[in-house]
Amino acid sequence: MTNPEQERWSRVKEKLRAEVGEDIFQSWFSRMDLERIEQHTAHLSVPTRFLKSWIQSHYTDRVLACWQGVNAEVQRIEVSVRSAMIRTAVPKAKTPEIVETGRDPRIPRLDIGDLRAAYAPVSTGHDALGGSPLDLRLTFESFVIGRSNTLAHAAAKQVALARRGEPVMFNPLYIHAGVGLGKTHLLQATTWAGNNGAERKVLYLTAEKFMYGFVSALRTQTALAFKEALRGIDVLVIDDLQFLQGKSTQAEFCHTLNALIDAGRQVVIAADRPPTDLESLDDRVRSRLAGGLVVEMGPLGEELRLEILKTRVTAARQYHPSFDVPAPVLAYIAKSVTHNGRDLEGAINRLLAHNKLTGQPVTMEMAEREVRDLIRPQEPKRVKIEDIQRIVARQYNVSRADLLSSRRTANVVRPRQVAMYLAKTLTLRSLPEIGRRFGGRDHTTVLHAVRKIEGLVGNDAMLADEIEVLKRQLQE
Ligand code: ADP
Ligand code: MG
């Protein structure tokens with residue numbers, strides 16, 4: 001493939017990312033590659049059949065529109081499944097091999113934003129059930145511990161090292177964090193380490209794979225076999241639970257969860273939000289999920305970012321011994337690329353690509369140029385409804401219980417409306433969800449509150465100020 005084509009493909013991906021948002025992009029498109037453009041058709045590939053059918057049924061028009069914005073000659077897109085999957089058992093040695101998947105290795109790719117794709121996905125060996133591929137590099141050894149993830153790391157390690165038959169200490173272990181903060185890394189590390197002794201079976205599944213496994217098992221009438229297989233494992237690890245969709249899949253998930261936990265098996269889950277915020281799951285599942293250990297991983301601090309960068313450079317040097325990044329450059333990246341772990345990885349990949357393709361050493365100037373677009377304004381903090389309630393209650397001198405109560409006296413009605421308004425504007429929660437979190441109110445009540453406050457702030461400068469102050473406190 002020619003470089004201009006790759007470059008256009010990068011632009012298409014950026015457009016898509018901007019349109020669908022980072023989460024959706026990462027889930028469905030981050031592993032999509034351009035194979036070639038031929039006769040007005042862009043041939044794209046993804047690693048699984050599930051991704052293919054999902055993208056075809058939900059995103060064909062979107063993807064095509066993004067293409068046409070960049071290259072009007074493209075009139076169709078074709079999505080296929082990449083076949084070059086290398087299947088091996090759990091490797092003994094930790095040294096990753098670089099294996100190209102279906103690409104001509106002689107052609108350097110300018111866009112190596114995701115070097116991960118260049119490593120062969122490796123199956124966990126639980127193919128009866130089809131565990132999701134694991135990345136060889138995501139181990140405990142390469143996981144850097146810092147203030148934001150100490151607890152999550154310790155809990156995951158404990159799960160990984162537990163022995164068969166030992167009582168389970170916390171079940172499920174539920175880890176939540178924003179995008180790129182290390183959930184997948186930690187879960188895969190747990191899976192690698194847990195499977196190492198081969199005494200126990202640890203199965204890693206993305207929620208997408210869980211859905212796909214289940215749906216296809218139903219289709220081939222082997223739902224029973226699927227359940228049996230699931231129940232034959234010691235630790236079930238499910239990543240990105242927020243993507244679990246569909247009533248029957250959820251019901252099945254609920255059964256599986258209960259069956260495993262009741263049988264004393266360990267369940268480990270990661271999601272981008274706490275259990276209480278998984279709106280599409282029903283109450284029973286939510287409370288079961290919240291009943292184990294729930295740990296949040298916070299944003300990566302600067303020190304942690306620096307350590308991650310150093311680990312990445314060391315890893316890259318195994319294959320590219322001449323690659324070197326001076327300490328001030330690392331410090332600069334750690335300071336300025338604050339967003340998440342993926343961007344840190346991306347930054348190092350770009351420096352490596354530049355260094356390899358041009359042969360020039362990495363300098364501060366080059367780093368500034370290469371990572372410019374990774375320096376984003378600070379992500380607004382994830383605001384929680386509980387925090388809104390707490391801070392609003394404090395501000396107006398009422399109790400949080402008052403806000404949730406059915407009392408309708410003026411001194412609680414207004415604060416309650418303000419809190420609902422803030423919940424709607426500062427979080428992604430839906431109106432029914434907000435109603436539920438405010439003492440089980442109807443969504444129309446929430447809508448009314450939001451409209452009411454919106455109407456008032458236009459005329460009432462004091463209220464507008466108050467709300468600004470509250471927002472600032474919440475986003476600090
Ligand atoms: P998430 O699943 O939470 O979106 P990932 O686990 O995919 O995030 O992490 C994104 C990138 O950041 C990966 O390259 C991962 O290796 C790296 N990363 C995140 N946290 C850490 C950490 N504590 N130590 C080492 N690498 C990390
Ligand atoms: Mg992840």
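This is a predicted model: local features need pLDDT of at least 70, side-chain atom pairs count only at pLDDT 80 or more; totals for chains, interfaces and linings use all residues.
Trainee: Which way do β1 and β2 run, and how many bridges join them?
Mentor: They run antiparallel, with 5 bridges joining β1 (residues 33-38) to β2 (residues 41-46).

Trainee: How many residues lie between the two strands?
Mentor: There are 2, and the strands form a hairpin. Gln39, in the turn, has a positive phi of about 40 degrees.

Trainee: What stands opposite Arg36?
Mentor: His43 in β2.

Trainee: Rings next. How many aromatic pairs are there?
Mentor: The count is 4 aromatic pairs. One of them is Trp9 with Trp67, which is stacked at 5.8 Å centre to centre with 10 degrees between the planes.

Trainee: Where do Trp9 and Trp67 sit in the chain?
Mentor: Trp9 is in helix α1 (residues 3-20) and Trp67 in helix α3 (residues 49-70), 58 residues apart.

Trainee: Is Trp9 buried or exposed? And Trp67, buried or exposed?
Mentor: Trp9 is buried, at a relative accessible area of 1%. Trp67 is buried as well, at 0%.

Trainee: Why is the Phe29 and Tyr59 pair called edge-to-face?
Mentor: Because their planes are at 80 degrees, and the cut-off for edge-to-face is over 60. The ring centres are 5.1 Å apart.

Trainee: Which helices does that pair tie together?
Mentor: Phe29 lies in helix α2 (residues 22-29) and Tyr59 in helix α3, so the pair links parts 30 residues apart in sequence. Both residues are buried. Together with Phe25 they form one aromatic cluster.

Trainee: Last topic, charges. What sits over the ring of Phe140?
Mentor: The charged end of Lys157, 5.0 Å from the ring centre.

Technical notes
Residues are numbered from 1 along each chain as its sequence is written. Chains are lettered from A and ligands numbered from 1 in the order in which they are written. Side-chain values use heavy atoms; hydrogens and water are left out. Two strands pair if DSSP finds at least two bridges between them. Helices (H or I, at least four residues) and strands (E, at least two) are DSSP runs, numbered from the N terminus. Rings of Phe, Tyr and Trp (its six-membered ring) pair if their centres lie within 6.5 Å; planes under 30 degrees apart count as stacked, over 60 as edge-to-face and the rest as tilted. Buried means under 20% relative accessible area, exposed over 50%, partly exposed in between (1.4 Å probe, protein chains only). A charge sits over a ring if NZ of Lys or CZ of Arg is within 6 Å of the ring centre and within 35 degrees of the ring normal.
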